[in-house]
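User: I've got this chain open in the viewer and want to know what backs up the labels. Can you walk me through it?
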Amino acid sequence: MSTLKFDEGRLMQVLVAPIVSEKATMVAEKANVVTFKVLQNATKPEIKAAVELMFKVEVSKISVLNTKGKAKRFGKTMGRRDNVRKAYVMLKPGQELNLSGEAA
């Protein structure tokens, strides 16, 4: 495991929440990939170390993308949703991560 060079407190904050959407579930079934919302300044090695530490699985690859928040109107005032950084975490073959909360 590569968690030696990172602060464990920081790793616990890197993963904000799992993303459960139609696209995320389709990708998960097709390619053994789990999707997470992560901190804006999280790096790929940090995300990998955090997933391996928290879920005790082996990660083979990580793709990261930034999504700009949409501009929204609330009556007269204009507002904006937060920018989101997503991480698609590909697990090694044979590894499994169940985020649905169902007992296996």
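User: First off, what makes β1, β2, β6 and β3 an open sheet, and in which order do they sit?

Analyst: This is a predicted model, where local features need pLDDT of at least 70, side-chain atom pairs count only at pLDDT 80 or more, and totals use all residues. Residues are numbered from 1 along each chain, and side-chain values use heavy atoms, without hydrogens or water. The order is β1-β2-β6-β3, with antiparallel pairing. The edge strands β1 (15-18) and β3 (59-67) each pair on one side only.

User: How do you know that β3 and β6 pair?

Analyst: Pairing takes at least two bridges found by DSSP between two strands. β3 and β6 (residues 84-91) have 8 bridges in the antiparallel sense, so they count as paired. Within that pairing, N66 stands opposite R85 in β6.

User: What share of the chain is called buried?

Analyst: Buried means under 20% relative accessible area with a 1.4 Å probe, counting protein chains only. Of the 104 residues, 29% are buried.

How values were computed
Helix = DSSP H or I, 4+ residues; strand = E, 2+ residues; numbered from the N terminus. Buried < 20%, exposed > 50% of the residue type's maximum accessible area, 1.4 Å probe, protein only.
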